[in-house]
Amino acid sequence: MIIDYPTLKIIWWLLVGVLLVGFAIMDGHDMGVGSLLPFVGKGDVERRIVINTVGPHWDGNQVWFITGGGAIFAAWPIVYATAFSGFYWAMLAVLWALFFRPVGFDYRSKIHNATWRSTWDWGLFVGGFVPPVIFGVAFGNLLQGVPFHFDDTLVPYYTGSFWGLLNPFALLCGVVSSAMIIFHGAIYLMHRTEGEVYQRSRMAMMLAGMVLLVTFTAAGLWVQYIPGYAYASVVDFAALPNPLGKEVVREAGAWMANYRSMPLTLLVPALAYLGAIAALLLAMRGRTLTAFVASSLAIVGIIGTAGVSMFPFVMPSSTVPNASLTVWDAVSSHLTLTIMFWATMIFMPIIVVYTSWAYKVMSGKVTAAYIRENEHAAY
Amino acid sequence: MVTEELVDLSRLQFAATAMYHFLFVPLTLGMVWLLVIMESAYVMTGKVVYKDMTRFWGKLFGINFALGVTTGITLEFQFGTNWAYYSHYVGDIFGAPLAIEGLMAFFLESTFIGLFFFGWDRLSRKQHLMVTILMAVGTNLSALWILVANGWMQHPVGAEFSYETMRMELVDFWAVLFNPDAQAKFVHTVSAGYVTGAMFVLSISAWYLLKGRDLEFARRSFSIAAAFGFASVCSVIVLGDESGYVVSEAQQTKLAAMEAMWETEPAPASFNVIAIPNEAQMKNDYALHIPWVMGIIGTRSFDQEMPGIRDIVVRNRERVEVGVEAVRLLEALRADPGNADLRERFERVKDDLGFGLLLKKYVSSMDEVTPELMDRAARDTIPKVAPLFWSFRIMVALGFAMLVLFGLALWHSVKGDFAERRGLLRWALWFLPMPWIASELGWFVAEYGRQPWTIYGVLPTHLSVSTLSVESLYGSLAGFVGFYTLLLVVEMYLMVRFARQGPGSLGTGRYLNEVGHGNGGHAGAKA
């Protein structure tokens, strides 16, 4: 079946969204668990309980991130090139933080030594806490536009600095992202633990949920006043991708345009609120599995809100707005998008099936007794 | 501004992180199948020693796998962070296999590895074996897609340059997937991985046998490793990826360079066993030949000629000249995209565009190009001969030494007397690092031999980098080296510690060294 180019461009915007949301839901909950590890687990047994709730799964979950990166490379190569090289130190910080996870999980409990174990616990904390903060900060910068341009052979030049990324709005987005991930991770932890760890996770869940609601609202209000971006020239949806072939204006409130022209899109931020509030209430009543579904929906809503606000922009340029990268002009060829579409359609359902099976096999509470019985095998 | 220093640092960082990653990959590739074999033996015979073998070797496999994952992400990130123009220019083709690798292979491997370690008590024997098999399949499929991507860098098929989008675009996905270079590379690389896995098990088992401990466990491990290793090492040698070298120009250049073949000889060409290459005068100061052998290895025929370096340079000099014209026409066409005449003229010469781009290393505009610069660009298309020549020879020598070792190991395990052959056991022990050295040298030949291109004939390395500051590169390179060194020390410490402790670390009560699981001194719980 041949899908026309403009439709595929939109489909790929949705699919990248699906992969990012999938990453936030799946790798997000184990990153949330990592962020909470030093605080909800007191003593070695409790720490091991916390770690082993995600022990069998974190590796598979991390592939959402790797596949997401690969999909952006394949579907939006110039976005991949410009963003990864422009955000050089931020990307390296994510990467280096992630280094702690595989080794932290696998090596931590192999040696009986308090310093060794506590060092890896903090490593797992860094690996869980830092990436969501940086991704949030990155989204905050995308929303404001990023200082880059191209020469006439499309070589990207980034003219900002690492410290320039850490502006107040972006930091607020970093807090939203971190709170979202910790909230989600805390609900997961409640689902898989009991006793003291459960109680502390519950406290963390309430705190993170409140912070999430407040900061998400604040960012939503603030975004109306920051300059957004809009097409000033007519869009040829089917055109061959050329990021230099359009005119773009930068104006305050432009990120609200999609909600005005298509009011149905307001359902996306509404989903963020409904999901987060439902998750909070359900988790407080101990309905942890339903709460996890609700907080997953909240993640769909929150990431979706950023996406819908910016559509069709993916990476606007603050210094040369005409060079902004959009859904229409930053994509791969028709053939590559088609092949990648079918590859995703075939493999994504299979992945969901076997991942669900893996969770089913390992389901149930992780207890102190489990850790004792699996002294040599558990993380 | 792209300076030579920036390009060199970017290359150094990629080379360092890639070679570091490949310390862990081959062991993973090989160990998964050894685990499948051991666990199959457990399921078929019900003997608990096979389960213990799967779990103990699996534990060491896990220690290695953790760093494989850690260092693997770096490589995916790095195309974007440090090779931005490369990512833009060929992402349309190169990105797809990486994304499909994630979807088809890495998810499978990473999901099932969790169940491999934690599912022993929750799955039936057959279910667990199925999990192990799926993990192995995922691991090997992962290698397939990565090598499809890498094969395309060596032999870029199924793609065309588009002047509208200023990049290479995919025109035939199947050509990319069934690229003969990629297929040859895949077989050669995974087989080398199997040899690495086999050597690891063989060496450590030999050490237990030399120490006279955990004998039954060590004997069975040794025999499995010997058989698997012998089959694998035969596959590496017979299906060496030289078989793919004749098909493409890139590989012809590489082959000529690594064999120090300066002249085109009448077929079948002779083989230089030893030579002292002289780069400046483009000849060998000394060479020891064996007639015919090179032609037969390289072309699998008696009558096909193999071009020597001098002829390749002459051929490339012509392509550089056409390429300069292609760059000029491209610039004109970008300024005036509707011009049909320009487009037609560009289409005629665009296959040599990459050769024109080689001159961007020396000049910013094609108007400054001189015949001398074109000579220089043509000479640039040949990588340095001596490093390739020697790396390749050491790799091959190690390959044959391993063939003999595994052959003897298999012979004596069939006879059943290997445990008494202390010389053989010592050889097996001391040869532990050899497959790693061979793998690293092999990658060096493959990638250094592709210079000065990132995509052979299409995109010069010089143009592929991100426009970062040199300071950023020094900073990140220092960070990687520091971080990786630290992680390697930790990994080696754990690996040596658990290898020394042996299967006793499982805490089953059936082996030596049950006590001493760390400082706390925790006796085997079920002992």
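Helices (H or I, at least four residues) and strands (E, at least two) were taken as DSSP runs numbered from the N terminus. By this assignment, Y286(B) is located in strand β4 of chain B. The structure is a predicted model, in which local features need pLDDT of at least 70 and side-chain atom pairs count only at pLDDT 80 or more, while totals for chains, interfaces and linings use all residues. Residues are numbered from 1 along each chain as its sequence is written, and side-chain values use heavy atoms, with hydrogens and water left out.

Y286(B) has a relative accessibility of 44% and therefore counts as partly exposed; buried denotes under 20% relative accessible area, exposed over 50%, and partly exposed the range in between (1.4 Å probe, protein chains only). Together with I274(B), I276(B), L288(B), W390(B) and I394(B), Y286(B) makes a nonpolar surface patch of about 550 Å². Such patches consist of residues with over 30% relative accessible area and no salt bridge, nonpolar side chains (Val, Leu, Ile, Met, Phe, Trp, Tyr) being joined within 5 Å and like charges within 9 Å. A salt bridge is a side-chain nitrogen of Lys or Arg within 4 Å of a carboxyl oxygen of Asp or Glu. At least two residues of the patch come from each of β3 (271-278), β4 (283-290) and α15 (385-415) of chain B.

Over all chains, the count of disulfides (pairs of cysteine sulfur atoms within 2.5 Å) is zero. Among the cysteines, C173(A) is buried, with a relative accessible area of 11%, whereas C234(B), at 27% relative accessibility, is partly exposed.

Conventions. Chains are lettered from A and ligands numbered from 1 in the order in which they are written. Accessible areas come from the Shrake-Rupley method with a 1.4 Å probe; for residues, only the protein chains shown count as cover.
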